[in-house]
Amino acid sequence: LYVHFLPALVQPEAFRGAVAVVVDVLRASTTIIQALASGARAVVPCLEVGEAHQTARAISHGQYVLGGERGGLRIEGFHLGNSPAEYTPQAVGGKTVVFTTTNGTRALNHARAADEVLIGALVNFSAVLARARGSAIAGGRPIHILCAGTQSEITSEDVLCAGAMIERLQALDALTGAALNDEAFLALAAWRQVNSETQRGGLAEVLQTSSRGGGNLACQGMAGDIEFAAKMDRLALVPRLDVAAWKIVAAGS
Ligand code: MLT
């Protein structure tokens with residue numbers, strides 16, 4: 001079991017033959033999960049705003065929505081920002097979401113060499129781990145959890161989520177005693193420390209007060225997104241990146 005605190009701390013080749021779980025709790029992963037749970041046909045991750053417009057031009061009018069952020073805010077000319085609550089069935093049901101964010105879509109691109117690229121967050125915690133475990137055991141593959149970070153810096157909401165994932169994976173049969181890299185070990189220790197000090201339901205407060213991503217959102221008046229993202233197991237949906245078709249769909253669909 002491996003954790004990487006930032007894409008810059010791991011070579012893309014390290015994902016070859018692995019199951020990758022890409023984590024951007026605030027907010028790209030959480031928003032992608034919500035978009036698919038609301039009935040979006042697919043989410044197409046784009047690195048640049050221009051690329052997103054170009055991708056959208058190839059889709060029939062009315063069949064897509066442009067979503068994402070720069071500097072945390074909705075991009076001019078886009079339909080939606082990066083708040084998961086915006087991705088309602090009315091907004092995205094039956095449509096392709098053409099999506100670009102500062103860190104999350106870059107992290108996905110970084111992990112593209114993996115055998116399977118899954119998108120994980122607190123909101124689909126148990127579901128994504130069940131899928132990752134199944135795929136790892138079936139194929140004898142390692143699991144690499146890649147934290148997206150914020151503006152190229154490590155951010156604790158992703159590290160804490162990764163630590164919680166390691167704790168759960170180690171508790172699952174066949175993965176008990178699995179070796180950890182040093183970042184997995186540190187993430188697990190950080191999660192255990194926070195978890196032992198946090199009152200039930202207090203995770204949102206921890207994310208808001210002690211994480212870079214949470215602090216940024218709170219300053220921009222988007223603390224509601226932190227509450228949304230901190231609710232574990234709100235959804236059972238697991239997004240999977242279809243690398244060949246370059247789109248994210250619900251695993252199993
Ligand atoms: C990102 O992918 O950069 C983040 O999700 C930023 C944000 O919260 O909007």
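Which backbone atom lies 3.2 Å from an oxygen atom of the ligand? A backbone N or O atom of Thr102 does. This is a predicted model, where local features need pLDDT of at least 70, side-chain atom pairs count only at pLDDT 80 or more, and totals for chains, interfaces and linings use all residues. Residues are numbered from 1 along each chain as its sequence is written, and side-chain values use heavy atoms, with hydrogens and water left out.

**Around the ligand**

- (A polar contact is a pair of N or O atoms within 3.5 Å.)
- The residues around the ligand are Asp24, Leu26, Arg27, Ala28, Glu69, Asn82, Thr101, Thr102, Asn103 and Gly104, where being near takes a heavy atom within 4 Å.
- Sorted by class, that shell has 2 nonpolar, 5 polar and 3 charged residues. (Ala, Val, Leu, Ile, Met, Phe, Trp, Tyr, Cys and Pro count as nonpolar, Asp, Glu, Lys and Arg as charged, and the others, Gly among them, as polar.)

**Helices H6 and H7**

- Helix H6 (residues 156-171) and helix H7 (residues 182-197) have axes that come within 7 Å and cross at roughly 95°. (Helices, H or I, have at least four residues and strands, E, at least two; both are DSSP runs numbered from the N terminus. Axes are lines fitted to C-alpha atoms, for helices over the stretch in contact, and angles run from 0 to 180 degrees between N-to-C directions.)
- H6 and H7 are therefore roughly perpendicular to each other. (Angles under 35 degrees count as roughly parallel, over 145 as roughly antiparallel, 65 to 115 as roughly perpendicular and the rest as oblique.)
- Among the residues that meet here are Leu160 and Ile166 in H6 and Leu188 and Trp191 in H7. (Contact means heavy atoms within 4.5 Å.)
- The contact of H6 with H7 has 11 nonpolar, 2 polar and 2 charged residues.

**Helices H9 and H10**

- Helix H9 (residues 212-219) packs on helix H10 (residues 223-230) at about 140°, with axes 7 Å apart.
- That angle is why H9 and H10 are oblique to each other.
- Gly214, Leu217 and Ala218 of H9 touch Ala223, Asp225 and Ile226 of H10, which divides into 4 nonpolar, 1 polar and 1 charged.

- The peptide bond from Leu26 to Arg27 is cis, with omega near 0°; Arg27 sits in the loop between strand E2 (19-23) and helix H1 (28-37).
- Gln151, in the loop between strand E8 (143-147) and H6, has phi near 45°, a positive value in a residue other than glycine.
- Trp246 has phi near 45°, again positive in a residue other than glycine, and lies in the loop between strand E9 (239-242) and strand E10 (247-250).

Technical notes
Polar contact = N/O pair within 3.5 Å; in protein donor to acceptor, adjacent residues only side chain to side chain.
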